[in-house]
Amino acid sequence: MRARDNPFSTDRVLRVRYRLDGTTWPELMSRLAALDYRAAIVGPHGSGKTTLLEDVAPRIAALGYRVKMLLLNENHPSFERDLLTRFYAELHPRDIILFDGAEQLGTLAWQLFRFKTRRAVGLIITTHSPGRLATLIQCRTSPELLGRIACEILGSETTAPEIESLFTRNRGNLREALRELYDVYAAQ
Amino acid sequence: MKGFNLTGDKKEFLPGEEVTVTASWNLDTSPKSVEARLFWFTRGKGAEDVNVIETKRLDAPRAIDTRPVRFVLPEAPYSFSGKLISLIWAIELVAAPAGEAERFELTLSPTGQEIVLGQPPVSPAP
């Protein structure tokens, strides 16, 4: 199958948005406000933290706050010094910082970051473990969730094969499981 | 019908060939600006790559309008597909402030057809 026709191509997978489980967007945003917009989205690799953070952004902006995004990951585990200096200098009291990958900062760097960003009205992070900020939501995955996402991508009438084993093989990491499904379809 | 439309007589082109498409739109109010962009993008397993080659601003757009848009295609890169990545050429019509867009995909290659990796090459177009 040509890459452009693969149903699990990156652009198609990225169109799948976060599915709240056991709560609603109004409830989540109320909890965020109750936490003074200082909270963590917690979960393992491939559980949808980044997607959820992206989906929070327009809701924050709709409240009249300015959204400032920061990203670290295993490929880019630290900020350039100049970038952070400019970032701190430009912070505004209406800013809410959305920081994806906060676990990449060591303890001291994290403490310094919190101090330097105290002028911002809010700080929402994604992280693998709880503890850095109050937990807003814990992202979890399941074979059922993977199956629902695969069905959404493939069409509601279709079921991707071997969802249970796919989920187990990828240790619950939905991003990696969907990449494996890409390879399955690429081989056809 | 409300919205944007991009149409063209053909979709397969040689390097350096001119592309002409017709851009039309039917809106309730005049858009602030309308741009046509010639670009290529990748699709597949990894991160997407995009490269805008040329942008043409369509002056003084009316609420209901039709404009011809012409681009001369570069020599490369060619349109191709493998199992991991496809490179796709397109012209996109983008209106501000709504940000609405319409896309017209095309093929650029010496054969006029998308190059499919792992398959024997097709004879060049005459």
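Me: In what order do the five strands of the open sheet in chain A run, and is the pairing parallel or antiparallel?

Reply: Strands here are DSSP runs of E with at least two residues, while helices are H or I runs of at least four, numbered from the N terminus. Two strands pair if DSSP finds at least two bridges between them. In chain A the order is S2-S3-S4-S1-S5, with parallel pairing. This is a predicted model, where local features need pLDDT of at least 70, side-chain atom pairs count only at pLDDT 80 or more, and totals for chains, interfaces and linings use all residues. Residues are numbered from 1 along each chain as its sequence is written, with chains lettered from A and ligands numbered from 1 in the order in which they are written.

Me: Which are the edge strands?

Reply: Strand S2 (66-71) and strand S5 (135-138) of chain A, each pairing on one side only.

Me: How many bridges link S3 and S4 of chain A?

Reply: Four, joining residues 95-100 to residues 122-127. Look for Ile97(A), whose bridge partner in S4(A) is Leu123(A).

Me: Which strands does helix H3 of chain A touch?

Reply: Contact means C-beta atoms, placed from the backbone, within 7 Å. Angles run from 0 to 180 degrees between N-to-C directions, with axes fitted to C-alpha atoms, for helices over the stretch in contact. H3 (residues 49-62) packs on the sheet, touching S1 (38-42), S2, S3 and S4 of chain A, and its direction makes about 170° with that of S3(A).

Me: How many residues does each chain bring to the contact between chains B and A?

Reply: Chain B gives 14 residues and chain A gives 11 residues.

Definitions and conventions: Two residues are in contact if their C-beta atoms, placed from the backbone, lie within 7 Å.
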